[in-house]
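Please take a careful look at the model shown below, and keep it in view while reading. The paragraphs that follow lead through it step by step.

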Amino acid sequence: MDAIDYTELESRFHCACQDVIGELSMQYKTNYHGTGKLETFFALIQSEFERVVEIFSHGNNLAADREAMRRIQAIAKEHAKKCVDDYGRVK
């Protein structure tokens, strides 16, 4: 088995997260912009980043690689937190 290049893996996962952020932005503008919908949007952010971790880990056969999973979960958490912070400031 070849050694995993974690730097390259992280780079590809950052790209996957950017795709999620773009999709979330479109969904926010279409469905969640307005009063009383922010908490629902925050739940969507969490579920979308959980989904991208699952899809990416499955597509790259990472389930058994604890280090790879730790890294991509940390990246997803970082992006999700930034989204929540950014949209939390939107009025």
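Gln27 lies in helix H1, where helices (H or I, at least four residues) are DSSP runs numbered from the N terminus. With a relative accessible area of 18%, Gln27 is buried, a word that stands for under 20% relative accessible area, while exposed means over 50% and partly exposed in between, with a 1.4 Å probe and protein chains only. If its neighbours within four places in sequence are left aside, Gln27 is in contact with Tyr32 and Leu44, contact meaning heavy atoms within 4.5 Å. The model is a predicted one, in which local features need pLDDT of at least 70 and side-chain atom pairs count only at pLDDT 80 or more, whereas totals for chains, interfaces and linings use all residues. Residues are numbered from 1 along each chain as its sequence is written, and side-chain values use heavy atoms, with hydrogens and water left out.

Ile21 is also found in helix H1, and at 23% relative accessibility Ile21 counts as partly exposed. Leaving aside the neighbours within four places in sequence, Ile21 is in contact with Phe49, His79 and Cys83. Between the C-alpha atoms of Ile21 and Glu48, which are 27 residues apart along the chain, the separation is 9.1 Å.

How do the helices pack? Two packed helices are described by the angle between their axes and the distance between the axes. Helix H1 (residues 6–32) and helix H2 (residues 38–59) pack at an angle of about 150 degrees, with their axes 10 Å apart, and that makes H1 roughly antiparallel to H2. Here the axes are lines fitted to C-alpha atoms, for helices over the stretch in contact, and angles run from 0 to 180 degrees between N-to-C directions; those under 35 degrees count as roughly parallel, over 145 as roughly antiparallel, 65 to 115 as roughly perpendicular and the rest as oblique. Among the residues of H1 that meet H2 are Phe13, Val20, Gln27 and Tyr28, and the H2 side includes Phe41, Leu44 and Val52. By class, this contact of H1 with H2 has 17 nonpolar, 2 polar and 2 charged residues, where Ala, Val, Leu, Ile, Met, Phe, Trp, Tyr, Cys and Pro count as nonpolar, Asp, Glu, Lys and Arg as charged, and the others, Gly among them, as polar.

H1 also packs with H3, at an angle of about 30 degrees and with the axes 10 Å apart, and H1 and H3 are therefore roughly parallel to each other. In this contact, residues of H1 including Tyr6, His14 and Ile21 meet residues of H3 including Ile72, His79 and Tyr87, and the residues divide into 13 nonpolar, 4 polar and 4 charged. Lys77 is found in helix H3 (residues 66–89) and, at 65% relative accessibility, counts as exposed. The C-alpha atoms of Lys77 and Phe49, 28 residues apart along the chain, are separated by 7.6 Å.

The structure holds 5 aromatic pairs, a pair being rings of Phe, Tyr and Trp (its six-membered ring) with centres within 6.5 Å, and planes under 30 degrees apart counting as stacked, over 60 as edge-to-face and the rest as tilted. The rings of Tyr28 and Phe41 have centres 5.0 Å apart and planes at 55 degrees, so this pair is tilted. The pair links distant parts of the chain, with Tyr28 in helix H1 and Phe41 in helix H2, 13 residues apart, and both Tyr28 and Phe41 are buried. Ring pairs link Tyr28, Tyr32, Phe41 and Tyr87 into a cluster.

Terms used: Helix = DSSP H or I, 4+ residues; strand = E, 2+ residues; numbered from the N terminus.
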